[in-house]
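My plan is to write down what I looked up, entry by entry, with the cut-offs beside each term.

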Amino acid sequence: MAGKIMFRNWRFEVLTNRKFYIAGFIVSLFLAGVVSFYASSDPDGLERVAEDIGFLETAKDHTNADGTLADYGVKGIDNERASVGVAGVIGVIGTAVVAGVGFKLIARKPKKDGN
Amino acid sequence: MHIPDGFIDVQTSAIFAGLAAAGVATALKGARTQLDEKTAPLAGLTAVFIFAVQMLNFPVVAGTSGHLLGGALAAVLVGPWAATLALTVVLLMQGFLFADGGLTALGLNVFNMGVLGVWAGYGTFLLLRKVLPKNKSSISLAAAIGGLLSVPAAAIGFTIQYAMGATATFSTSAVLSAMVGTHVLIGIGEALITGLTVSAVLASRSDLVYGWKNNVQKLEIRSAN
């Protein structure tokens with residue numbers, strides 16, 4: 001199995017911290033920016049259940065239903081592929097900024113020797 | 001799985017906003033002791049990855065789709081505390097930027113996906129890790145099954161909220177069976193994505209994986225020779 005080979009190179013892997021995070025970020029950008037166009041547009045599980053049972057109409061419009069990025073599309077970009085792709089890229093970058101800064105602050109430990 | 005405004009009344013939404021806030025506060029406390037400079041970036045990347053994959057609805061049965069929730073995945077990669085925080089960031093982004101998940105329903109959604117989903121997935125993972133052989137395949141398998149169960153668990157969370165404060169009057173038992181039935185199927189997709197992602201991270205950076213490294217210190221030393 002490939003896992004075995006990777007495991008032997010464990011020491012090498014540890015050195016490739018930056019590469020690992022860049023790869024993970026690029027994969028996320030690709031998924032949200034390109035693959036998202038091919039996602040199913042059928043109602044999700046909850047929406048389907050709400051429709052079948054009959055309480056779907058109790059849903060209210062979202063507060064930001066007319067927002068620039070509402071429903072994962074960019075207002076003003078007519079091409080559907082570009083619209084969802086750009087929205088996905090914005091979401092990935094925005095999440096990276098918020099989560100990146102947030103977790104960095106949470107992880108920061110006060111140094112014992114006062115610095 | 002993102003509840004819109006209107007399904008659940010304001011009182012029930014407020015109760016769950018309080019519960020979700022308590023869960024997030026506890027998670028903040030836990031993550032502060034558990035995360036360090038080495039693991040914090042993976043927590044950030046986990047949030048990013050979950051946001052991206054949640055955009056990828058996959059078909060389950062005719063006319064119905066589902067997407068990753070990511071609670072079990074996050075808990076295995078970065079621990080349950082950071083997982084709740086990662087899911088909360090994702091839900092905040094989706095609710096405020098993308099109009100996905102109602103703003104009054106934010107507490108309901110954080111509770112279902114960020115607390116219930118995380119702990120159902122992580123609890124299942126811990127139980128399975130105990131009984132399975134101590135190797136990487138077991139970790140991926142345990143994570144996958146944790147993922148599988150986390151989805152109906154979140155669906156049961158919604159059903160409880162529906163029972164407490166639905167604006168509609170259809171029977172709770174009908175909602176329960178429909179929610180669980182549909183979300184067990186979605187859980188299969190969740191299991192596949194969770195298992196594959198965990199095994200990919202284990203293959204490249206096992207030293208970062210929370211669910212692996214805090215269990216197999218001895219084995220790691222033995223295997224590294």
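**Entry: helix H6 of chain B.** I looked up how enclosed H6(B) is, and I found that 23 of its 30 residues are buried, so H6(B) is largely enclosed by the rest of the structure. I noted that a residue is buried if 20 or more other C-beta atoms lie within 10 Å of its own, exposed if 12 or fewer, and partly exposed in between, with the C-beta atoms placed from the backbone. Helices are DSSP runs of H or I with at least four residues, strands are runs of E with at least two, and both are numbered from the N terminus.

**Entry: what I am looking at.** I must remember that this is a predicted model, in which local features need pLDDT of at least 70 and side-chain atom pairs count only at pLDDT 80 or more, while totals for chains, interfaces and linings use all residues. Residues are numbered from 1 along each chain as its sequence is written, and chains are lettered from A and ligands numbered from 1 in the order in which they are written.

**Entry: chain B as a whole.** I counted 9 helices and 2 strands in chain B, and along the sequence they follow the pattern α-α-β-β-α-α-α-α-α-α-α. Of the 225 residues of chain B, 64% count as buried. The C-alpha atoms of chain B fill a box of roughly 65 × 35 × 30 Å along the principal axes. For contacts in chain B between residues at least 6 apart in sequence, I noted that 78% join residues at least 24 apart, where two residues are in contact if their C-beta atoms, placed from the backbone, lie within 7 Å.

**Entry: chain A as a whole.** Chain A has 5 helices and 0 strands, and its elements run α-α-α-α-α from the N terminus on. Buried residues make up 24% of the 115 residues in chain A. Among the contacts in chain A between residues at least 6 apart in sequence, 46% join residues at least 24 apart.

**Entry: Pro43(A).** Pro43(A) is in the loop between H3 and H4 of chain A, and I noted it as partly exposed, with 17 other C-beta atoms within 10 Å. Leaving aside neighbours within four places in sequence, Pro43(A) is in contact with Arg48(A), Glu51(A), Thr64(B) and Ser65(B).

**Entry: two helices of chain A.** The axes of H3(A), residues 17-33, and H5(A), residues 80-107, come within 7 Å and cross at roughly 145°; axes are lines fitted to C-alpha atoms, for helices over the stretch in contact, and angles run from 0 to 180 degrees between N-to-C directions. The residues making this contact include Phe25(A) and Gly33(A) of H3(A), and Gly85(A) and Val92(A) of H5(A). Gly85(A) and Val34(A) are 51 residues apart in sequence and 5.7 Å apart in space, C-alpha to C-alpha.

**Entry: positive phi.** Most residues other than glycine have a negative phi. Asp71(A), although not a glycine, has a positive phi of about 55°, and Tyr72(A) has one near 60°.
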